[in-house]
Amino acid sequence: MSLRLTDVGYRYAGTTVPVLTGVSLEVRRGQVVGLVGPNDAGKSTLCLVAAGLAPGSIGGSLEGSVLLDGRETRELRPHEAAQRCGILFQNPATQLSGTAPTVYEEIAFGPRNLGLSVAEIVGRVDGAVATLGIRGLVERDPHRLSGGESQLVALASVMAMRPAVLVLDEPTSQLDPAGTALVGRALARLATETSVAILIVEHKTDLLNGLADDIVVLDGGRVVAAGGASSLLAGDVLPAHGVRRPAAVSIRRALEAAGLGGRLTGGDGDILAGLAE
Amino acid sequence: MALPAFIGRRPTGAYRRLNPATKLVIAFATAAIAFAVREWTGPVTMLAVVLVTAGIARLGRPIVKFALATIPLVISILLVNTFLFPGATDVLARVGPFTATGTGLAAALQATLRVVAFALSVAVFSLTTPTDDLLSDLERRGLGRRTIFIIGSAIGTIPRMLERAREITDSQRARGLDTEGSVWRRIRGVVPLAGPMISGALSEVEERSMALEARGFSASARRTTLRTLPDSQTQLVARWLILVATATLIVASLTGLVHLP
(Lines give C-alpha, C1' and ligand atoms only; values in the text may rest on other atoms or scores of the structure.)
Protein backbone atom coordinates (compact mmCIF):
# COMPACT_ATOMS: atom_id res chain seq x y z
CA MET A 1 0.00 0.00 0.00
CA SER A 2 1.42 3.40 -0.89
CA LEU A 3 -1.20 5.90 0.31
CA ARG A 4 -3.98 5.13 2.74
CA LEU A 5 -6.29 7.66 4.35
CA THR A 6 -8.52 6.28 7.08
CA ASP A 7 -11.39 8.34 8.50
CA VAL A 8 -9.49 11.58 7.89
CA GLY A 9 -10.82 14.90 9.07
CA TYR A 10 -9.00 18.21 8.64
CA ARG A 11 -9.56 21.77 9.81
CA TYR A 12 -7.42 24.75 8.79
CA ALA A 13 -5.74 26.66 11.59
CA GLY A 14 -7.99 29.32 13.10
CA THR A 15 -11.20 27.80 11.77
CA THR A 16 -13.84 25.63 13.41
CA VAL A 17 -15.47 24.13 10.32
CA PRO A 18 -13.79 20.96 9.07
CA VAL A 19 -12.89 20.92 5.37
CA LEU A 20 -12.61 17.14 5.30
CA THR A 21 -14.72 14.71 7.30
CA GLY A 22 -14.34 10.93 7.55
CA VAL A 23 -12.41 10.59 4.30
CA SER A 24 -11.02 7.14 3.56
CA LEU A 25 -9.27 6.14 0.38
CA GLU A 26 -6.38 4.03 -0.84
CA VAL A 27 -3.98 4.36 -3.74
CA ARG A 28 -1.80 1.31 -4.40
CA ARG A 29 1.49 1.13 -6.27
CA GLY A 30 0.92 1.42 -10.02
CA GLN A 31 -2.66 2.58 -9.52
CA VAL A 32 -4.13 5.88 -10.72
CA VAL A 33 -7.02 7.25 -8.71
CA GLY A 34 -8.92 10.26 -10.01
CA LEU A 35 -10.41 12.62 -7.44
CA VAL A 36 -13.33 14.71 -8.67
CA GLY A 37 -15.90 16.95 -7.08
CA PRO A 38 -17.47 20.40 -7.28
CA ASN A 39 -15.68 23.60 -6.24
CA ASP A 40 -14.97 23.83 -2.50
CA ALA A 41 -15.38 20.09 -2.09
CA GLY A 42 -12.02 19.92 -0.31
CA LYS A 43 -10.02 18.35 -3.14
CA SER A 44 -6.97 20.62 -2.86
CA THR A 45 -7.02 20.27 0.92
CA LEU A 46 -7.08 16.50 0.53
CA CYS A 47 -4.00 16.78 -1.69
CA LEU A 48 -2.15 18.74 1.00
CA VAL A 49 -3.18 16.25 3.67
CA ALA A 50 -2.16 13.27 1.53
CA ALA A 51 1.25 14.83 0.82
CA GLY A 52 1.87 15.53 4.50
CA LEU A 53 1.96 19.31 3.94
CA ALA A 54 -1.20 19.69 6.04
CA PRO A 55 -0.78 19.95 8.91
CA GLY A 56 3.03 19.43 8.58
CA SER A 57 3.81 22.74 6.86
CA ILE A 58 0.66 24.83 7.07
CA GLY A 59 -0.70 23.80 10.46
CA GLY A 60 -4.32 22.96 11.17
CA SER A 61 -5.88 20.01 12.89
CA LEU A 62 -5.79 16.48 11.48
CA GLU A 63 -7.89 13.56 12.62
CA GLY A 64 -7.67 9.96 11.50
CA SER A 65 -4.70 8.30 9.85
CA VAL A 66 -2.68 9.22 6.75
CA LEU A 67 -0.15 6.52 5.86
CA LEU A 68 2.50 7.22 3.25
CA ASP A 69 4.26 4.00 2.37
CA GLY A 70 3.40 2.66 5.82
CA ARG A 71 4.45 5.76 7.82
CA GLU A 72 2.08 8.19 9.48
CA THR A 73 2.58 11.65 7.95
CA ARG A 74 2.39 13.11 11.47
CA GLU A 75 5.68 11.37 12.24
CA LEU A 76 7.43 12.63 9.11
CA ARG A 77 9.34 15.85 8.74
CA PRO A 78 8.52 17.81 5.54
CA HIS A 79 11.63 16.64 3.64
CA GLU A 80 10.96 13.03 4.70
CA ALA A 81 7.37 13.26 3.48
CA ALA A 82 8.67 14.80 0.24
CA GLN A 83 10.68 11.65 -0.48
CA ARG A 84 7.58 9.50 -0.07
CA CYS A 85 5.00 11.72 -1.72
CA GLY A 86 5.48 14.30 -4.45
CA ILE A 87 2.88 16.98 -5.03
CA LEU A 88 2.23 18.99 -8.15
CA PHE A 89 0.19 22.19 -7.87
CA GLN A 90 -2.01 23.97 -10.37
CA ASN A 91 0.26 26.87 -11.23
CA PRO A 92 3.52 25.79 -12.87
CA ALA A 93 5.11 29.20 -12.19
CA THR A 94 4.99 28.81 -8.41
CA GLN A 95 6.71 25.45 -8.48
CA LEU A 96 9.97 26.51 -10.05
CA SER A 97 12.75 27.30 -7.63
CA GLY A 98 13.57 30.54 -9.41
CA THR A 99 17.27 29.97 -8.87
CA ALA A 100 18.16 27.43 -11.56
CA PRO A 101 19.50 28.68 -14.88
CA THR A 102 18.58 25.52 -16.80
CA VAL A 103 15.77 22.97 -16.71
CA TYR A 104 18.35 20.31 -15.82
CA GLU A 105 19.38 22.19 -12.69
CA GLU A 106 15.76 22.94 -11.86
CA ILE A 107 15.01 19.21 -11.81
CA ALA A 108 18.17 18.63 -9.78
CA PHE A 109 17.08 21.20 -7.16
CA GLY A 110 15.26 18.68 -4.92
CA PRO A 111 17.89 15.92 -4.98
CA ARG A 112 20.57 18.55 -4.27
CA ASN A 113 18.63 19.64 -1.19
CA LEU A 114 18.84 16.07 0.05
CA GLY A 115 22.63 16.18 -0.24
CA LEU A 116 22.79 13.23 -2.66
CA SER A 117 25.94 12.42 -4.61
CA VAL A 118 26.37 13.98 -8.05
CA ALA A 119 26.10 10.51 -9.67
CA GLU A 120 22.81 9.85 -7.87
CA ILE A 121 21.48 13.27 -8.88
CA VAL A 122 22.44 12.70 -12.51
CA GLY A 123 20.69 9.31 -12.43
CA ARG A 124 17.52 10.79 -10.95
CA VAL A 125 17.39 13.74 -13.32
CA ASP A 126 18.03 11.54 -16.35
CA GLY A 127 15.36 9.10 -15.18
CA ALA A 128 12.72 11.82 -14.72
CA VAL A 129 13.64 13.45 -18.04
CA ALA A 130 13.41 10.14 -19.90
CA THR A 131 10.11 9.13 -18.29
CA LEU A 132 8.43 12.41 -19.19
CA GLY A 133 10.10 12.73 -22.60
CA ILE A 134 11.54 16.20 -22.03
CA ARG A 135 15.14 15.60 -23.12
CA GLY A 136 14.84 18.52 -25.53
CA LEU A 137 14.17 20.99 -22.71
CA VAL A 138 17.09 20.33 -20.37
CA GLU A 139 19.35 23.16 -21.56
CA ARG A 140 16.58 25.77 -21.62
CA ASP A 141 15.82 28.52 -19.13
CA PRO A 142 12.95 27.25 -16.94
CA HIS A 143 11.29 30.65 -17.09
CA ARG A 144 11.14 30.69 -20.87
CA LEU A 145 8.89 27.65 -21.29
CA SER A 146 5.24 27.33 -22.28
CA GLY A 147 2.70 26.50 -19.57
CA GLY A 148 2.57 22.82 -20.53
CA GLU A 149 6.36 22.55 -20.69
CA SER A 150 6.70 24.28 -17.30
CA GLN A 151 4.24 21.85 -15.76
CA LEU A 152 6.21 18.92 -17.17
CA VAL A 153 9.41 20.35 -15.69
CA ALA A 154 7.64 20.78 -12.34
CA LEU A 155 6.45 17.17 -12.58
CA ALA A 156 9.95 15.98 -13.46
CA SER A 157 11.29 17.95 -10.48
CA VAL A 158 8.88 16.12 -8.20
CA MET A 159 9.69 12.76 -9.85
CA ALA A 160 13.38 13.35 -9.17
CA MET A 161 12.58 13.06 -5.47
CA ARG A 162 11.68 9.41 -6.30
CA PRO A 163 8.40 9.40 -4.38
CA ALA A 164 6.27 6.25 -4.10
CA VAL A 165 3.16 8.43 -4.33
CA LEU A 166 2.35 11.35 -6.61
CA VAL A 167 -0.42 13.78 -5.79
CA LEU A 168 -1.44 15.98 -8.70
CA ASP A 169 -3.72 18.90 -7.86
CA GLU A 170 -5.41 19.86 -11.12
CA PRO A 171 -2.17 19.83 -13.09
CA THR A 172 -3.82 21.04 -16.29
CA SER A 173 -6.23 23.64 -14.92
CA GLN A 174 -4.09 26.58 -16.04
CA LEU A 175 -3.03 25.10 -19.35
CA ASP A 176 -4.36 25.61 -22.86
CA PRO A 177 -5.54 22.57 -24.87
CA ALA A 178 -2.06 21.98 -26.29
CA GLY A 179 -0.50 22.10 -22.81
CA THR A 180 -3.23 19.84 -21.44
CA ALA A 181 -2.55 17.28 -24.18
CA LEU A 182 1.19 17.47 -23.50
CA VAL A 183 0.74 16.84 -19.79
CA GLY A 184 -1.93 14.20 -20.44
CA ARG A 185 0.44 12.18 -22.64
CA ALA A 186 3.20 12.45 -20.04
CA LEU A 187 0.89 11.28 -17.26
CA ALA A 188 -0.25 8.33 -19.34
CA ARG A 189 3.40 7.38 -19.87
CA LEU A 190 4.09 7.82 -16.17
CA ALA A 191 1.16 5.58 -15.26
CA THR A 192 2.19 2.78 -17.60
CA GLU A 193 5.97 2.92 -17.25
CA THR A 194 6.36 3.37 -13.49
CA SER A 195 4.87 1.81 -10.39
CA VAL A 196 4.17 5.15 -8.74
CA ALA A 197 0.79 5.46 -7.01
CA ILE A 198 -0.97 8.49 -8.49
CA LEU A 199 -3.80 10.50 -6.96
CA ILE A 200 -4.96 13.08 -9.46
CA VAL A 201 -7.49 15.84 -8.92
CA GLU A 202 -8.90 16.92 -12.25
CA HIS A 203 -11.89 18.97 -13.40
CA LYS A 204 -11.25 17.86 -16.95
CA THR A 205 -12.73 14.38 -16.67
CA ASP A 206 -11.70 13.73 -20.28
CA LEU A 207 -8.15 13.47 -18.97
CA LEU A 208 -9.19 10.86 -16.41
CA ASN A 209 -11.02 8.79 -19.02
CA GLY A 210 -8.53 6.06 -19.88
CA LEU A 211 -5.93 7.28 -17.36
CA ALA A 212 -7.57 6.57 -13.98
CA ASP A 213 -8.24 3.09 -12.69
CA ASP A 214 -10.61 4.28 -9.99
CA ILE A 215 -12.53 7.45 -9.28
CA VAL A 216 -13.34 8.99 -5.92
CA VAL A 217 -16.04 11.67 -5.77
CA LEU A 218 -15.64 14.24 -3.01
CA ASP A 219 -18.43 16.64 -2.08
CA GLY A 220 -18.71 18.78 1.02
CA GLY A 221 -15.48 17.32 2.37
CA ARG A 222 -16.83 13.76 2.30
CA VAL A 223 -16.36 10.85 -0.09
CA VAL A 224 -19.77 10.42 -1.70
CA ALA A 225 -18.88 7.79 -4.28
CA ALA A 226 -15.95 5.62 -5.22
CA GLY A 227 -15.43 2.87 -7.74
CA GLY A 228 -14.04 1.82 -11.09
CA ALA A 229 -13.34 4.70 -13.48
CA SER A 230 -15.23 3.29 -16.45
CA SER A 231 -18.49 2.81 -14.55
CA LEU A 232 -18.32 6.04 -12.51
CA LEU A 233 -17.37 8.26 -15.45
CA ALA A 234 -20.19 6.81 -17.54
CA GLY A 235 -22.83 6.82 -14.79
CA ASP A 236 -25.03 9.52 -13.26
CA VAL A 237 -23.01 10.12 -10.08
CA LEU A 238 -20.76 12.84 -11.53
CA PRO A 239 -23.52 15.18 -12.82
CA ALA A 240 -25.39 14.70 -9.54
CA HIS A 241 -22.39 16.26 -7.79
CA GLY A 242 -21.77 19.05 -10.24
CA VAL A 243 -19.02 17.31 -12.23
CA ARG A 244 -19.21 17.05 -16.01
CA ARG A 245 -18.85 13.66 -17.62
CA PRO A 246 -16.06 13.20 -20.18
CA ALA A 247 -17.13 14.62 -23.55
CA ALA A 248 -16.85 11.24 -25.25
CA VAL A 249 -19.18 9.70 -22.65
CA SER A 250 -21.70 12.52 -23.00
CA ILE A 251 -21.71 12.17 -26.79
CA ARG A 252 -22.06 8.40 -26.55
CA ARG A 253 -24.99 8.75 -24.20
CA ALA A 254 -26.62 11.40 -26.40
CA LEU A 255 -26.24 9.24 -29.50
CA GLU A 256 -27.51 6.20 -27.68
CA ALA A 257 -30.51 8.16 -26.42
CA ALA A 258 -31.23 9.16 -30.02
CA GLY A 259 -31.00 5.53 -31.07
CA LEU A 260 -27.80 6.13 -33.09
CA GLY A 261 -25.29 4.49 -30.78
CA GLY A 262 -25.49 1.04 -32.34
CA ARG A 263 -24.92 2.35 -35.85
CA LEU A 264 -21.88 4.36 -34.92
CA THR A 265 -19.92 1.83 -32.91
CA GLY A 266 -17.98 -1.29 -33.78
CA GLY A 267 -15.72 -2.13 -36.68
CA ASP A 268 -12.82 -0.20 -38.12
CA GLY A 269 -14.73 3.04 -38.39
CA ASP A 270 -15.65 3.19 -34.71
CA ILE A 271 -16.41 6.88 -34.36
CA LEU A 272 -17.12 6.76 -30.65
CA ALA A 273 -13.88 4.99 -29.88
CA GLY A 274 -12.13 7.76 -31.78
CA LEU A 275 -14.00 10.39 -29.78
CA ALA A 276 -13.10 8.67 -26.54
CA GLU A 277 -9.43 8.89 -27.44
CA MET B 1 27.21 9.00 -14.51
CA ALA B 2 28.48 12.46 -15.34
CA LEU B 3 26.85 15.84 -15.53
CA PRO B 4 26.07 17.11 -19.04
CA ALA B 5 28.69 19.42 -20.52
CA PHE B 6 26.47 22.52 -20.47
CA ILE B 7 26.37 22.53 -16.66
CA GLY B 8 30.07 23.27 -16.45
CA ARG B 9 30.20 25.59 -19.45
CA ARG B 10 32.65 28.41 -18.74
CA PRO B 11 32.56 31.96 -20.05
CA THR B 12 35.24 33.09 -22.47
CA GLY B 13 37.77 35.87 -21.85
CA ALA B 14 40.40 36.29 -19.14
CA TYR B 15 38.38 38.58 -16.86
CA ARG B 16 35.10 36.70 -17.24
CA ARG B 17 36.83 33.43 -16.37
CA LEU B 18 38.00 34.73 -13.01
CA ASN B 19 36.36 33.13 -10.01
CA PRO B 20 33.19 35.05 -9.00
CA ALA B 21 34.67 35.74 -5.55
CA THR B 22 37.67 37.46 -7.17
CA LYS B 23 35.42 39.63 -9.33
CA LEU B 24 33.27 40.40 -6.30
CA VAL B 25 36.32 41.51 -4.32
CA ILE B 26 37.51 43.70 -7.21
CA ALA B 27 34.06 45.30 -7.50
CA PHE B 28 33.84 45.83 -3.76
CA ALA B 29 37.34 47.31 -3.54
CA THR B 30 36.74 49.65 -6.47
CA ALA B 31 33.46 50.91 -5.06
CA ALA B 32 34.84 51.27 -1.53
CA ILE B 33 37.96 53.22 -2.61
CA ALA B 34 35.92 55.44 -4.93
CA PHE B 35 33.66 56.38 -2.04
CA ALA B 36 35.92 56.39 0.96
CA VAL B 37 39.25 57.82 -0.22
CA ARG B 38 39.24 61.62 0.07
CA GLU B 39 39.77 64.16 -2.71
CA TRP B 40 40.14 63.33 -6.42
CA THR B 41 42.60 60.45 -6.44
CA GLY B 42 40.17 57.79 -5.18
CA PRO B 43 37.25 58.34 -7.57
CA VAL B 44 39.38 59.23 -10.62
CA THR B 45 41.70 56.23 -10.25
CA MET B 46 38.84 53.85 -9.59
CA LEU B 47 36.82 55.13 -12.52
CA ALA B 48 39.91 54.52 -14.68
CA VAL B 49 40.29 51.02 -13.22
CA VAL B 50 36.62 50.23 -13.92
CA LEU B 51 36.82 51.52 -17.49
CA VAL B 52 39.99 49.53 -18.19
CA THR B 53 38.37 46.41 -16.71
CA ALA B 54 35.26 46.99 -18.81
CA GLY B 55 37.50 47.27 -21.86
CA ILE B 56 39.32 44.02 -21.04
CA ALA B 57 35.97 42.28 -20.52
CA ARG B 58 34.69 43.78 -23.82
CA LEU B 59 31.67 45.45 -22.23
CA GLY B 60 31.16 48.24 -24.74
CA ARG B 61 27.47 48.81 -25.30
CA PRO B 62 26.04 47.09 -22.17
CA ILE B 63 28.04 49.27 -19.80
CA VAL B 64 26.89 52.43 -21.54
CA LYS B 65 23.32 51.54 -20.47
CA PHE B 66 24.44 51.40 -16.85
CA ALA B 67 26.25 54.72 -17.23
CA LEU B 68 23.13 56.31 -18.73
CA ALA B 69 21.05 54.98 -15.82
CA THR B 70 23.07 57.18 -13.44
CA ILE B 71 22.17 60.38 -15.31
CA PRO B 72 19.14 61.41 -13.15
CA LEU B 73 21.18 60.93 -9.98
CA VAL B 74 24.20 62.72 -11.45
CA ILE B 75 22.07 65.71 -12.50
CA SER B 76 20.57 66.03 -9.02
CA ILE B 77 24.03 65.76 -7.42
CA LEU B 78 25.43 68.45 -9.73
CA LEU B 79 22.53 70.84 -9.14
CA VAL B 80 22.25 70.42 -5.39
CA ASN B 81 25.99 70.63 -4.70
CA THR B 82 26.76 73.41 -7.17
CA PHE B 83 23.91 75.68 -6.08
CA LEU B 84 23.30 74.72 -2.46
CA PHE B 85 26.73 73.84 -1.08
CA PRO B 86 26.70 74.98 2.57
CA GLY B 87 29.22 77.69 3.52
CA ALA B 88 30.72 78.15 0.01
CA THR B 89 31.50 81.77 -0.92
CA ASP B 90 33.45 81.54 -4.23
CA VAL B 91 30.58 82.53 -6.49
CA LEU B 92 30.73 81.43 -10.12
CA ALA B 93 27.30 82.55 -11.31
CA ARG B 94 23.85 83.54 -10.12
CA VAL B 95 20.62 82.00 -11.47
CA GLY B 96 17.66 83.76 -9.93
CA PRO B 97 17.78 83.20 -6.17
CA PHE B 98 20.42 80.47 -6.51
CA THR B 99 24.19 80.90 -6.46
CA ALA B 100 26.61 78.48 -8.11
CA THR B 101 29.90 78.20 -6.23
CA GLY B 102 33.34 76.84 -7.20
CA THR B 103 33.57 74.76 -4.02
CA GLY B 104 30.11 73.35 -4.68
CA LEU B 105 30.98 72.51 -8.29
CA ALA B 106 34.18 70.73 -7.22
CA ALA B 107 32.26 68.73 -4.61
CA ALA B 108 29.58 67.93 -7.19
CA LEU B 109 32.13 66.66 -9.72
CA GLN B 110 33.84 64.55 -7.08
CA ALA B 111 30.55 63.06 -5.92
CA THR B 112 29.59 62.41 -9.54
CA LEU B 113 32.84 60.54 -10.18
CA ARG B 114 32.26 58.47 -7.04
CA VAL B 115 28.70 57.55 -8.05
CA VAL B 116 29.66 56.68 -11.63
CA ALA B 117 32.67 54.62 -10.49
CA PHE B 118 30.46 52.78 -8.02
CA ALA B 119 27.69 52.13 -10.56
CA LEU B 120 30.12 50.93 -13.20
CA SER B 121 31.99 48.64 -10.81
CA VAL B 122 28.65 46.98 -9.98
CA ALA B 123 27.87 46.88 -13.71
CA VAL B 124 31.18 45.24 -14.63
CA PHE B 125 30.63 42.61 -11.95
CA SER B 126 27.04 41.81 -12.87
CA LEU B 127 27.73 41.79 -16.62
CA THR B 128 30.68 39.41 -16.31
CA THR B 129 29.30 37.07 -13.64
CA PRO B 130 26.23 34.89 -14.23
CA THR B 131 24.04 34.86 -11.11
CA ASP B 132 24.12 31.08 -10.87
CA ASP B 133 27.94 31.10 -10.96
CA LEU B 134 28.04 33.54 -8.07
CA LEU B 135 25.47 31.57 -6.07
CA SER B 136 27.23 28.24 -6.74
CA ASP B 137 30.51 29.70 -5.58
CA LEU B 138 29.04 31.29 -2.46
CA GLU B 139 27.30 28.00 -1.68
CA ARG B 140 30.54 26.09 -2.08
CA ARG B 141 32.09 28.51 0.40
CA GLY B 142 29.49 27.56 2.97
CA LEU B 143 26.78 30.20 2.65
CA GLY B 144 23.48 28.67 3.87
CA ARG B 145 20.88 27.42 1.40
CA ARG B 146 18.26 29.85 2.69
CA THR B 147 20.55 32.84 2.15
CA ILE B 148 21.47 31.57 -1.29
CA PHE B 149 17.82 31.04 -2.13
CA ILE B 150 16.84 34.52 -0.96
CA ILE B 151 19.61 36.16 -3.02
CA GLY B 152 18.90 34.01 -6.07
CA SER B 153 15.14 34.39 -6.02
CA ALA B 154 15.40 38.14 -5.35
CA ILE B 155 17.58 38.56 -8.44
CA GLY B 156 15.34 36.25 -10.45
CA THR B 157 12.18 37.99 -9.29
CA ILE B 158 13.02 41.31 -10.95
CA PRO B 159 12.59 40.18 -14.58
CA ARG B 160 9.54 38.11 -13.63
CA MET B 161 7.91 41.06 -11.87
CA LEU B 162 8.63 43.23 -14.92
CA GLU B 163 7.05 40.58 -17.13
CA ARG B 164 4.00 40.40 -14.88
CA ALA B 165 3.77 44.21 -14.83
CA ARG B 166 3.74 44.17 -18.64
CA GLU B 167 0.96 41.55 -18.65
CA ILE B 168 -1.15 43.53 -16.15
CA THR B 169 -0.54 46.78 -18.06
CA ASP B 170 -1.65 45.10 -21.28
CA SER B 171 -4.79 43.73 -19.66
CA GLN B 172 -5.58 47.11 -18.03
CA ARG B 173 -5.05 48.80 -21.39
CA ALA B 174 -7.34 46.28 -23.05
CA ARG B 175 -10.02 47.47 -20.62
CA GLY B 176 -9.51 51.08 -21.57
CA LEU B 177 -6.96 52.35 -19.06
CA ASP B 178 -4.71 55.03 -20.53
CA THR B 179 -1.10 54.32 -19.58
CA GLU B 180 0.60 56.32 -22.35
CA GLY B 181 1.28 60.03 -22.70
CA SER B 182 2.26 62.52 -20.02
CA VAL B 183 4.18 61.70 -16.86
CA TRP B 184 1.03 62.33 -14.79
CA ARG B 185 -0.95 59.85 -16.91
CA ARG B 186 1.79 57.25 -16.52
CA ILE B 187 1.85 57.76 -12.76
CA ARG B 188 -1.93 57.31 -12.63
CA GLY B 189 -1.47 54.14 -14.68
CA VAL B 190 0.77 52.68 -11.98
CA VAL B 191 -1.99 52.78 -9.33
CA PRO B 192 -4.21 50.04 -10.81
CA LEU B 193 -1.04 48.08 -11.58
CA ALA B 194 0.15 47.96 -7.98
CA GLY B 195 -2.86 46.12 -6.54
CA PRO B 196 -2.78 43.06 -8.81
CA MET B 197 1.05 42.96 -8.64
CA ILE B 198 1.14 42.86 -4.84
CA SER B 199 -1.88 40.60 -4.33
CA GLY B 200 -0.63 38.22 -7.05
CA ALA B 201 2.82 38.00 -5.48
CA LEU B 202 1.39 37.43 -1.98
CA SER B 203 -1.07 34.76 -3.09
CA GLU B 204 1.78 32.81 -4.66
CA VAL B 205 3.93 32.85 -1.54
CA GLU B 206 2.17 30.02 0.28
CA GLU B 207 2.05 27.73 -2.74
CA ARG B 208 5.66 28.53 -3.55
CA SER B 209 6.80 27.72 -0.01
CA MET B 210 4.87 24.44 -0.05
CA ALA B 211 6.40 23.56 -3.42
CA LEU B 212 9.84 24.16 -1.89
CA GLU B 213 9.01 21.93 1.07
CA ALA B 214 7.89 19.24 -1.37
CA ARG B 215 11.38 19.38 -2.88
CA GLY B 216 13.24 18.81 0.35
CA PHE B 217 14.23 22.43 0.95
CA SER B 218 14.11 21.99 4.72
CA ALA B 219 16.40 18.93 4.69
CA SER B 220 19.36 19.29 6.99
CA ALA B 221 21.94 17.61 4.75
CA ARG B 222 24.64 19.77 3.17
CA ARG B 223 23.38 20.71 -0.27
CA THR B 224 25.19 19.13 -3.20
CA THR B 225 27.08 21.52 -5.47
CA LEU B 226 26.86 20.82 -9.19
CA ARG B 227 29.02 23.64 -10.52
CA THR B 228 32.51 23.79 -9.12
CA LEU B 229 34.02 26.94 -10.49
CA PRO B 230 37.76 27.04 -11.03
CA ASP B 231 39.78 28.95 -8.48
CA SER B 232 43.52 29.19 -7.90
CA GLN B 233 46.05 29.97 -5.20
CA THR B 234 47.04 33.09 -7.16
CA GLN B 235 43.46 34.36 -7.09
CA LEU B 236 43.15 33.56 -3.40
CA VAL B 237 46.30 35.57 -2.61
CA ALA B 238 45.18 38.37 -4.92
CA ARG B 239 41.82 38.61 -3.16
CA TRP B 240 43.42 38.97 0.26
CA LEU B 241 45.97 41.47 -1.03
CA ILE B 242 43.25 43.59 -2.60
CA LEU B 243 41.15 43.53 0.57
CA VAL B 244 44.08 44.39 2.85
CA ALA B 245 45.33 47.13 0.50
CA THR B 246 41.84 48.61 0.22
CA ALA B 247 41.32 48.65 3.99
CA THR B 248 44.79 50.18 4.54
CA LEU B 249 44.29 52.87 1.92
CA ILE B 250 40.86 53.85 3.24
CA VAL B 251 42.03 54.00 6.86
CA ALA B 252 45.15 55.99 5.88
CA SER B 253 43.07 58.42 3.87
CA LEU B 254 40.34 58.91 6.47
CA THR B 255 42.79 59.35 9.35
CA GLY B 256 44.95 61.76 7.36
CA LEU B 257 48.05 59.53 7.43
CA VAL B 258 48.28 59.80 3.67
CA HIS B 259 47.45 62.99 1.79
CA LEU B 260 46.35 62.27 -1.73
CA PRO B 261 45.58 65.05 -4.16
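Student: What is the strand order in the open sheet of chain A?
Tutor: Keep in mind that this is a predicted model. The order is β6-β7-β8-β3-β9-β10, 6 strands with mixed pairing.

Student: Which strands stand at the edges?
Tutor: β6 (85-88) and β10 (222-228) of chain A. Each has a single partner strand, so one side of each lacks a neighbour in the sheet.

Student: And what does the twist average from one strand to the next?
Tutor: The average is 15°.

Student: In which sense do β3 and β8 of chain A pair?
Tutor: Parallel, over 4 bridges. β3 covers residues 32-36 and β8 covers residues 197-201. Within that pair, A:Gly34 has A:Ile200 in β8(A) as its bridge partner.

Student: Which strands does helix α6 of chain A touch?
Tutor: α6 (residues 177-193) packs on the sheet and touches β3, β7 and β8 of chain A. Its direction makes about 150° with that of β8(A).

Student: New topic. Where does A:His79 lie?
Tutor: In helix α2 of chain A, residues 78-84.

Student: Is A:His79 buried or exposed?
Tutor: Buried. Its relative accessible area is 10%, and the cut-off for buried is under 20%.

Student: Which chain B residues does A:His79 touch?
Tutor: B:Gly216, B:Ser218 and B:Ala219.

Student: On to the interface, then. How many residues does the contact take from each chain?
Tutor: 44 from chain A and 37 from chain B. The area buried between the two chains is about 3,400 Å². Carbon and sulfur atoms give 60% of that area.

Student: Which three residues supply more than any other three of the area chain A buries against chain B?
Tutor: A:Thr94, A:Arg112 and A:Asn113. Together they supply 20% of it.

Student: How many salt bridges are there between chain A and chain B?
Tutor: The count is 2. A salt bridge joins the side chains of A:Glu106 and B:Arg215, at 2.8 Å from N to O.

Student: Now chain B itself. How many helices and strands does it have?
Tutor: Chain B has 9 helices and 2 strands. From the N terminus the elements run α-α-α-α-β-β-α-α-α-α-α.

Student: What share of chain B is buried residues?
Tutor: 36% of its 261 residues. Chain B exposes about 14,800 Å², with 69% of that supplied by carbon and sulfur atoms.

Student: And what share of its contacts with a separation of 6 or more is between residues 24 or more positions apart?
Tutor: 72% in chain B.

How values were computed
Residues numbered from 1 in each chain as written. Chains lettered and ligands numbered in written order. Predicted model: local features only at pLDDT ≥ 70, side-chain atom pairs only at ≥ 80, totals over all residues. Heavy atoms only, no water. Pairing = 2+ DSSP bridges. Axes fitted to C-alpha atoms, helices over the stretch in contact; angles between N-to-C directions. Contact = heavy atoms within 4.5 Å. Buried < 20%, exposed > 50% of the residue type's maximum accessible area, 1.4 Å probe, protein only. Areas by Shrake-Rupley, 256 points an atom, 1.4 Å probe, with all protein chains shown as cover. Buried area = accessible area lost by both parts, 1.4 Å probe. Salt bridge = Lys/Arg side-chain N within 4 Å of Asp/Glu carboxyl O. Lists of a residue's contacts leave out its neighbours within four places in sequence.
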